[in-house]
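Colleague: Can you walk me through this model? Keep it short, please.

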Amino acid sequence: MKDNAVLQLRAMRLARATRPFLARGNRVIRCQRCLLPTRQCLCDTINPSHARSRFCLVMFDTEPMKPSNTGRLIADMLPDTVAFQWSRTEPPQALIELCASEDYQPMVVFPASYAGEERQVLSAPPAGKPPLFIMLDGTWTEARKMFRKSPWLDALPVISVDLARVSAYRLREAHGEAQYCTAEVAIALLDLAGDRQAAHALGDHFTLFRERYLAGKPHHQPDITAKASENV
């Protein structure tokens, strides 16, 4: 199975590392494709889908290296997903060119409450060109930093999605109520854009990933109450 854009970025980030990256559960023997414990590997269940929408993941520093990252699930299911390492001052040229492309309508996925008064805020993708959803992938603190300190994205509209339900994501500790993981927001965006088959496929992939990830954690109790994660 071909590595997706996030795994390629992960390999590049690991190659640049000056010391080993030790994520939680670093002693677990993991599949190097899905990053789950080998007993819970889900590689043989991955069946890529098709969508008119396209995703661009802008990832904070070590985010591609974390087994708990769910942006990777988007790239699993939608092979034309692209992923870039975030830089405040030197954004990748390929990212700038993609945002300027006439083929897509780019928009930054983030809560409307963080957008300035002058910023266009959307509640759904506009008709016309296929949407390019730019997702800032990191912890909530890191995502806010990327949103504030990415001047090269300031001219793009913001799309804000209200997910009024309890998050199914329990792989990391949430920092506030109504916070959602990257994959959950992507599922909602696909549904809004009319890519319902892809939304369903990504939803199934996320559910299986979450179940197997949690099953691979020591002392896992399946009835623990889910944490809620941020309105996007």
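Modeller: Helices (H or I, at least four residues) and strands (E, at least two) are DSSP runs, numbered from the N terminus. Residues are numbered from 1 along each chain as its sequence is written, and side-chain values use heavy atoms, with hydrogens and water left out. This is a predicted model: local features need pLDDT of at least 70, side-chain atom pairs count only at pLDDT 80 or more, and totals for chains, interfaces and linings use all residues.

Colleague: Okay. Where does Thr70 lie?

Modeller: Thr70 is in the loop between β1 (54–59) and α2 (71–77).

Colleague: Is Thr70 buried or exposed?

Modeller: Thr70 is buried, at 3% relative accessible area. Buried means under 20%, exposed over 50%, partly exposed in between (1.4 Å probe, protein chains only).

Colleague: What lies 3.1 Å from a polar atom of the Thr70 side chain?

Modeller: The backbone nitrogen of Ala183. Ala183 also belongs to the contact that α5 makes with α6.

Colleague: At what angle do α5 and α6 pack?

Modeller: Helix α5 (residues 182–192) and helix α6 (residues 196–215) pack at about 160°, with axes 8 Å apart. So α5 is roughly antiparallel to α6, a term for angles over 145 degrees.

Colleague: Which residues of α6 make the contact?

Modeller: Among them are Leu202, Gly203 and Phe206. Contact means heavy atoms within 4.5 Å.

Colleague: New topic. What is the phi of Leu35?

Modeller: Positive, about 65°, although Leu35 is not a glycine. Most residues other than glycine have a negative phi. Leu35 is in the loop between α1 (5–16) and β1, and is buried at 1% relative accessibility.

Colleague: And Asp61, what is its phi near?

Modeller: Near 30°, a positive value. Asp61 is partly exposed, at 35% relative accessibility.

Definitions and conventions. Axes are lines fitted to C-alpha atoms, for helices over the stretch in contact, and angles run from 0 to 180 degrees between N-to-C directions. Angles under 35 degrees count as roughly parallel, over 145 as roughly antiparallel, 65 to 115 as roughly perpendicular and the rest as oblique. A polar contact is a pair of N or O atoms within 3.5 Å; within protein, one must be able to donate a hydrogen and the other to accept it, and residues adjacent in sequence count only if both atoms are side-chain atoms.
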